[in-house]
Each structure stands twice: as C-alpha cells, then as structure tokens.
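Hi,

Here is the structure I promised to pass on. Please open it next to this email, and then read on for what turned up in it.

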Amino acid sequence: MSEKGESGTAISARLREQSFDELETRRFDCAIIGGGITGAGIAREATLRGLSVALIEAEDFASGTSSRSSKLIHGGLRYLAQGEVKLVRETALERKRVHRMAPHLAEPAWMVVPVHSRAGLLKFRAAIGAYEKLGAVADADRHRNWTGEELAREEPALDRKRYPFACAYREYVTDDARLVLANLRAAVGRGAVAINHASVRELVCESGAATGVVAECGLTGRRVRVRAATIVNAAGPWVEAVRRLEDPAAKSVLHLSKGVHVVVPQEKLPVRNLLILTASDRRSVFAIPRGDVVYLGTTDTSYSAAATLWPAIDLSDVAYLLEPLTRYLSTGPLSPNDCVGAWAGLRPLVAQKGKAAVEISRRDEIWIGPAGVVTVAGGKLTGYRRMANDVVDRVFVLMGRTATLPASDEDEVLPGGAFSGDLATLAAELAANPKIHQSAAERLARLYGAEAHEVLALGSEAVVSGGSLLRGEVEWAVEREGAARLEDVLYRRTRVALYGAALREPLVQPVADLMALRLGWDEARSSLEVARVRKQLRADLSFNDDKDAASGVH
Ligand code: FAD
C-alpha cells in the first residue's frame with residue numbers, strides 16, 4: 001500500500017491489492033502481527049534500523065486498545081504512589097521525546113488537582129516535586145498553585161468552597177489512533193508494507209521455526225502467505241490467541257482490564273483544564289476537554305470474557321464516572337442521558353498472581369515462543385518507543401545479525417510534526433484562510449499538524465453545511481492513511497464518532513458517498529458500511545436504553 005512519489009509515507013486504501021501482491025512476493029526481515037501503538041512503534045523502529053518490515057492488522061490500524069485510551073502522554077503520577085519509580089521516570093522522559101517528534105500529537109496542558117486544605121496541598125506538592133525531578137521537567141513547565149481569584153479565573157466551574165486550593169502540573173494530550181498512524185506512515189516511508197483489515201490466520205513453520213504467516217483480507221477474502229525471517233506478535237489483548245497459533249498449549253499471560261470513557265458537551269461540563277477527580281473507590285478519574293466536549297475516564301475492572309473490539313459499556317460504568325462531578329463542580333450533577341459519546345477498551349496487562357486489575361503494574365514483557373515468535377504485551381502508549389527498541393533488539397538477536405544502525409534517532413520527526421511554533425500558531429495560520437473557522441483550524445492543527453495545509457488543499461469545503469468536517473479530510477484518510485471502511489474515517493481518522501456529538505449522524509451518508517467515489521463502492525457496499533456505522537453509534541450509547549435506570553443515576 002505504500003505509494004512512493006508524491007508522498008512516500010502514504011498508505012492508500014485504493015492500492016490494497018498492490019500491497020497484497022508485495023506481501024506475497026517479497027521476503028521480509030520482520031512480519032509484525034497487530035497495528036496498534038506497539039506494532040506501529042516496532043515497525044518504525046525496525047525500519048529505522050534497516051530492516052524490511054510487513055505489518056498486518058486484522059481490523060483497522062489502532063482499532064484495538066490504541067484508540068480507546070485516555071489519550072494522555074503522561075508520566076503516570078499515580079504510579080509513583082505504587083512505588084513504580086522506574087516506570088514513572090521512563091515514561092516522564094519518553095513524553096518529552098514524543099512531544100519533539102510530533103508536537104501536534106503531544107499537546108501540553110495543565111492537569112489540575114483540586115485540594116481541600118493547605119496541608120493537603122503541601123503533601124501533593126512534595127509528590128509532584130519528586131515527579132518533576134524524575135521527569136527532568138523544564139522550569140517553565142513546573143507545577144503551579146492556584147487559589148482565590150486566580151483559581152476562580154483558571155477553573156471557574158470548580159466548587160471552591162470544598163476545594164479552595166489546586167495544584168496544576170504539566171501533562172500532554174494526544175490522539176492515540178493518530179499517533180499510531182503517524183508511526184506507521186514513518187515506517188512506510190522507509191519501505192514497510194502496512195495493511196489493515198487483514199487477519200493473521202496461520203503461522204507457517206519450517207523445521208519447527210516460524211518462517212511466515214498466512215493473512216486473509218477481511219474485505220475480499222484474498223489469502224496471502226507472507227515470508228519473514230522473524231515474526232513479532234503485537235496483538236494487544238489478542239496476543240494469547242496469536243501465541244496459540246504457535247503453541248496450542250501456551251499458558252495465559254494476560255490479565256485484561258476494561259476501561260470506559262464517556263463524552264459530555266462542554267456547555268454542561270465547562271472545565272478549562274484537564275482535571276483529576278477522585279472516584280468513590282479513591283481511584284483517579286480524568287476530565288479532559290477536547291473542542292466542544294469533555295471526556296471522562298476511566299474505569300479499571302477485570303475482564304474475564306474473550307477479548308473483543310467493542311466491550312460493553314454498562315450503566316454502572318457511566319454512573320461511576322459521573323458521580324465525582326457532584327462533589328467537585330458547582331455546575332450540578334449530570335445523568336447518563338447527558339452523554340453524547342462513549343468508548344471502552346481492554347488493557348492487555350501482564351498478569352500478576354493475586355493482584356486485581358488496579359494493582360497490576362503497567363510494565364511490558366517479551367516472550368520468545370518455541371518456534372521463535374516474539375510476543376510483546378503490557379506497557380503504555382507513552383512508553384511505546386522504548387518498548388519497540390527492546391523488541392527490535394531481540395529481533396536482531398534472533399536473526400543472528402548485529403544492528404548496523406543505532407537505536408532510533410529520537411529527534412526524527414513523525415509525519416505532520418514538522419512545524420515551528422506551537423499548535424496555536426499553526427491554528428492561527430490555518431484560520432487565515434477565510435473559509436476556515438477558528439475552531440475548525442484548531443481541530444485540523446491537532447489532527448494533522450503541518451500536514452493540515454495538504455489536507456485543506458484536497459478540499460476545504462464542509463462535507464455537510466454547518467459542519468466542520470472537510471471533504472479534504474475524507475480524501476486524506478483514504479489516500480494517505482489507509483481508511484478502507486466508513487468506520488475507519490468516522491471513528492479513528494477524524495474522531496467524529498467520539499467528539500462530533502450532534503453532527504455525526506448527518507455525516508454518515510455523505511462521508512460514505514465520498515468514500516464510494518474514491519474506492520468504487522457499489523450501492524450494496526455503501527449501504528453495508530452505513531448500516532454498520534449506524535449500528536455501532538447506537539451501541540455506543542446503548543447504556544441509555546434502560547431510560548428509567550439512566551435518569552435515576554446521579
Ligand atoms: P492494541 O492497540 O490492541 O493493538 C493490537 C492490534 O492487534 C489490534 O488492533 C488487533 O486488531 C490486532 N490483532 C489481533 N489479532 C490479530 C491477528 N490475528 N492478525 C492481525 N492483527 C491482529 N496509555 C497511556 O500511555 N496513556 C493513557 O492515557 C492510557 N490510557 C488508557 C486507558 C484505557 C481505558 C486503556 C484500556 C488503556 C490505556 N493506556 C494508556 C494503555 C495503552 O492504551 C495500551 O498500552 C496500548 O494502546 C496497547 O497497544 P497495543 O498495540 O499493544 O494493543
């Protein structure tokens with residue numbers, strides 16, 4: 001699917017058959033199973049070190065856990081309380097690197113911790129001081145304390161009678177799915193072949209050693225055998241299913257944990273910064289503003305059923321996330337009926353005997369199977385680059401080769417990351433176009449970074465009048481980012497399904513029509529795509545179907 005020429009990093013959904021041809025005819029150094037952040041990071045790292053790579057993703061890129069996170073590139077302050085000093089330090093330093101590589105995908109923001117008393121503030125400042133030291137936080141980004149008028153100005157919705165103090169420290173907000181795409185495109189720019197909607201069904205072994213995989217296209221049924229010197233299993237919550245292709249008796253290594261987020265309109269929850277609230281069980285819940293909405297998350301409950309892309313969101317999950325609002329904000333309670341979007345994902349945690357999901361370390365682990373397949377799981381979005389480094393080191397050992405190129409150049413900018421100044425400056429540049437509203441410019445800057453100019457050049461008119469989604473974004477998603485299904489565009493390339501609230505339903509058919517033109521869909525295929533997305537959009541908010549229960553929960 002890589003289209004060299006105009007843009008070497010393009011993944012074009014129009015050229016899928018060519019990608020399958022390449023997968024079938026080339027012999028790769030490394031075949032990666034899974035196109036979440038783990039697989040995408042490994043693909044980028046391996047190509048940077050000179051390896052040829054094929055990446056095969058069963059559904060869409062980032063359709064698993066890597067589009068369902070809290071979307072924070074963070075040092076994980078709460079892991080400090082669990083004594084995970086090494087993890088905190090490593091992730092705090094990694095987030096700086098991600099910011100340098102893709103400033104549009106690691107946007108600095110203040111995380112506000114409301115505090116009851118002066119003594120509480122002092123205690124918190126001691127912890128945050130240690131955290132900032134571990135992460136070598138720059139002076140300008142060090143925490144600040146807000147009280148009185150300053151707090152009223154900075155976070156007016158906070159109930160200042162209960163919380164007269166607040167400490168604000170730096171975190172970075174990302175778009176997880178787009179971070180995956182940026183890494184994948186960087187790998188494709190160095191010759192990798194990346195295909196989505198193609199599931200690995202079998203492992204090919206010769207004399208007991210894995211020498212390839214059989215992948216099946218989920219759209220056409222085409223099956224190809226992909227030959228590779230090494231195989232990496234980066235299938236997230238599904239790593240165990242893939243391990244059993246290699247060793248049917250492989251023991252369980254994962255403990256899955258479900259995490260839910262809900263989305264409410266900004267006008268009902270007018271927070272300005274990222275906010276940490278304490279839930280009824282003393283866990284932290286984040287409130288994160290994004291454009292016209294705020295999302296709240298997350299839950300952390302053990303999930304014992306088979307891994308699925310769409311874990312059910314229960315009314316109890318939603319009630320848990322909304323409950324703290326009544327204790328922190330002066331804006332009154334919200335009910336599940338106020339939610340305009342929701343998502344749930346599964347954390348692929350490395351199991352620790354006797355520990356509940358909330359207590360399990362977020363560390364990652366690598367296993368080498370009997371046929372030499374490298375399996376990797378655990379970790380965090382934030383630490384993906386270091387994880388990828390470790391996996392590629394193992395790949396070189398398995399190949400019996402010495403890496404001739406050094407581990408990744410941390411300053412190599414990801415697609416979209418090459419702009420000077422901050423996101424606000426980029427948005428102002430985009431808003432200089434009279435057709436682009438300020439809010440649309442901000443959204444485009446966040447999603448596409450420097451590439452927003454190219455997106456606009458593909459079509460700056462709105463897909464539906466009054467909406468902010470532009471025709472160029474749909475074209476870009478298909479031609480540059482491999483979007484082959486309607487869901488890919490609405491859920492992961494543009495985030496309309498997550499943050500679009502009222503406008504997403506009117507967009508479903510027009511976006512399908514644009515994709516149909518590009519991809520040559522017939523009537524039946526278009527109808528199928530539309531029906532699938534509508535069904536999922538309804539399912540996202542189906543916790544409200546029990547209307548009586550929903551209106552009674554505060
Ligand atoms: P996935 O993203 O699930 O990718 C695995 C992929 O493998 C899937 O796309 C799947 O379709 C594919 N696959 C499976 N089987 C096959 C097959 N047979 N053939 C081909 N492909 C296959 N981390 C942070 O740093 N910050 C956060 O704010 C944060 N918040 C989180 C909040 C929640 C609710 C959750 C659940 C996690 C959060 N995390 C966060 C952790 C982070 O999201 C995960 O660690 C990370 O996304 C895992 O990525 P992955 O690539 O390993 O798995």
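A term before we start: a polar contact here is a pair of N or O atoms within 3.5 Å; within protein, one must be able to donate a hydrogen and the other to accept it, and residues adjacent in sequence count only if both atoms are side-chain atoms. Please keep in mind that this is a predicted model, in which local features need pLDDT of at least 70 and side-chain atom pairs count only at pLDDT 80 or more, while totals for chains, interfaces and linings use all residues. Residues are numbered from 1 along each chain as its sequence is written, and side-chain values use heavy atoms, with hydrogens and water left out.

Let's begin with the ligand. An oxygen atom of the ligand is 2.5 Å from an N or O atom in the side chain of Ser 66. Backbone atoms take part as well: a ligand nitrogen lies 2.7 Å from a polar backbone atom of Leu 72, and a ligand oxygen lies 3.1 Å from one of Leu 381. On its own the ligand has 1000 Å² of accessible area, and the protein covers 95% of this (areas by the Shrake-Rupley method with a 1.4 Å probe; for residues, only the protein chains shown count as cover). Helix H2 (37-48) and strands S8 (198-206), S11 (254-265) and S16 (341-350) are the elements that give two or more residues to the shell. Helices (H or I, at least four residues) and strands (E, at least two) are DSSP runs, numbered from the N terminus.

How many residues surround the ligand? There are 38, and the closest are Thr 38, Glu 57, Ser 66, Leu 72 and Thr 382 (a residue is near if one of its heavy atoms lies within 4 Å). The shell divides into 14 nonpolar, 19 polar and five charged residues. Here Ala, Val, Leu, Ile, Met, Phe, Trp, Tyr, Cys and Pro count as nonpolar, Asp, Glu, Lys and Arg as charged, and the others, Gly among them, as polar.

Now the aromatic rings. Rings of Phe, Tyr and Trp (its six-membered ring) pair if their centres lie within 6.5 Å; planes under 30 degrees apart count as stacked, over 60 as edge-to-face and the rest as tilted. The count by this rule is seven aromatic pairs. Trp 310 and Tyr 491 are edge-to-face, because their ring centres are 5.4 Å apart and their planes meet at 70°. Trp 310 is in the loop between strand S15 (301-302) and helix H9 (315-328) and Tyr 491 is in helix H15 (residues 486-493), so this pair ties together parts 181 residues apart in sequence. Tyr 491 is buried at 5% relative accessibility, whereas Trp 310 is partly exposed at 28% (buried is under 20%, exposed over 50%, partly exposed in between; 1.4 Å probe, protein chains only). Phe 124, Tyr 131 and Tyr 169 form one aromatic cluster.

Finally, two backbone details. Most residues other than glycine have a negative phi, and most peptide bonds are trans. Lys 71, in the loop between strand S2 (53-56) and strand S3 (72-73), has a positive phi near 65° and is buried at 1% relative accessibility. A cis peptide bond, with omega about 15°, joins Gly 297 and Thr 298.

Best wishes
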